Amino acid sequence: MFFSILLLAHFQAAAIPILLGIKSFNKFKHINKNKIIPFGFIFLGLASIFEMIDHTQTSWIYVNHSSLFNWLFYSFLSLGLTCLSISVVKNKFIQITNICISLCSIISYFLIDKSIALFFQVFISIFLIINWQRIFKDWLLILYPIFGIIFTTFFGTNLSISGDQFWHILIGPSGSISVLTFYLVLKRSDKKIYLR
């Protein structure tokens with residue numbers, strides 16, 4: 001029973017972003033680079049798929065380790081958040097800075113250490129929050145740092161310290177709430193544009 005719930009928690013974390021990505025094609029035309037929005041969502045879904053593949057190597061027990069599939073998880077997470085971040089930005093310097101930070105996260109995982117990659121991911125998230133809040137000015141965005149950063153970090157830390165797999169179940173749904181937040185903010189911005 002526990003394994004089924006754990007599997008479902010991971011499956012929805014992959015399915016929701018991919019479905020949102022598919023729904024985003026040819027939408028949000030009021031956004032500067034709307035064509036990369038679907039890829040942002042799909043990359044987040046692919047990140048979850050690579051995490052699931054990585055879990056098959058550890059019998060679905062969370063292990064804080066470095067591996068090819070763990071690297072792919074963090075790489076696609078970086079790419080997904082970066083695509084969403086730069087989709088709303090017109091400034092080329094900010095776009096290039098975001099892309100460079102994402103590449104630093106991806107490359108540093110293997111060349112230096114996983115913790116350095118996570119350090120760069122913090123900056124990717126900060127850029128995303130700043131860029132989206134500046135453009136959309138939507139209070140819903142507060143849900144991303146709460147569920148996508150604070151809760152997932154809290155659950156992940158408790159999982160690492162205690163080894164209790166209960167915390168593992170909560171990480172995926174928490175991340176999905178943050179992904180749904182992005183989509184809702186985009187939909188609400190669309191309505192705001194047409195109301196003007």
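Axes here are lines fitted to C-alpha atoms, for helices over the stretch in contact, and the angle between two of them runs from 0 to 180 degrees between N-to-C directions. Helices themselves are DSSP runs of H or I with at least four residues, numbered from the N terminus. The model is predicted, so local features are described at pLDDT of at least 70 and side-chain atom pairs at pLDDT 80 or more, while totals for chains, interfaces and linings use all residues. Residues are numbered from 1 along each chain as its sequence is written, and side-chain values use heavy atoms, with hydrogens and water left out.

The crossing of α1 and α2 is left-handed, meaning that the near helix is turned anticlockwise from the far one by less than a right angle. Contact (heavy atoms within 4.5 Å) involves, among others, H10, F11, A14 and I18 of α1, together with residues of α2 including F41, I42, L46 and I49. By class, this contact of α1 with α2 has 14 nonpolar, 6 polar and 1 charged residues. In that count, Ala, Val, Leu, Ile, Met, Phe, Trp, Tyr, Cys and Pro are nonpolar, Asp, Glu, Lys and Arg are charged, and the others, Gly among them, are polar.

The loop between α1 (2-24) and α2 (37-56) holds N26. N26 has a positive phi of about 60° although it is not a glycine. With a relative accessible area of 63%, N26 is exposed; the term applies over 50%, whereas buried means under 20% and partly exposed lies in between, with a 1.4 Å probe and protein chains only.

The expected span is 1.5 Å times one less than the number of residues. Of the 19 residues of α3, 14 are buried, so this helix is largely enclosed by the rest of the structure.

The loop between α3 and α4 (92-111) contains S87. S87 is buried, with a relative accessible area of 0%. Leaving aside residues up to four places away in sequence, S87 touches I31, N32, K33, I36, I37 and W132.

Helix α4 also passes the length check: its 20 residues should span 28 Å, and its end C-alpha atoms are 28 Å apart, which agrees. Its buried residues are Q95, N98, I101, S102, S105, I106, S108 and Y109. These buried residues of α4 pack against α3 and α5.

The last pair to consider is helix α5 (residues 114-136) and helix α6 (residues 143-162), whose axes come within 11 Å and cross at roughly 165°. Helices α5 and α6 are therefore roughly antiparallel to each other. Their crossing is right-handed, the term for a near helix turned clockwise from the far one by less than a right angle. Here S125, L128 and I129 in α5 meet Y144, P145 and I149 in α6. By class, the contact has 5 nonpolar, 1 polar and no charged residues.

The loop between α5 and α6 is the place of K137. K137 has a positive phi of about 50° although it is not a glycine, and at 60% relative accessibility K137 counts as exposed.

Terms used:
Helices (H or I, at least four residues) and strands (E, at least two) are DSSP runs, numbered from the N terminus. Angles under 35 degrees count as roughly parallel, over 145 as roughly antiparallel, 65 to 115 as roughly perpendicular and the rest as oblique.
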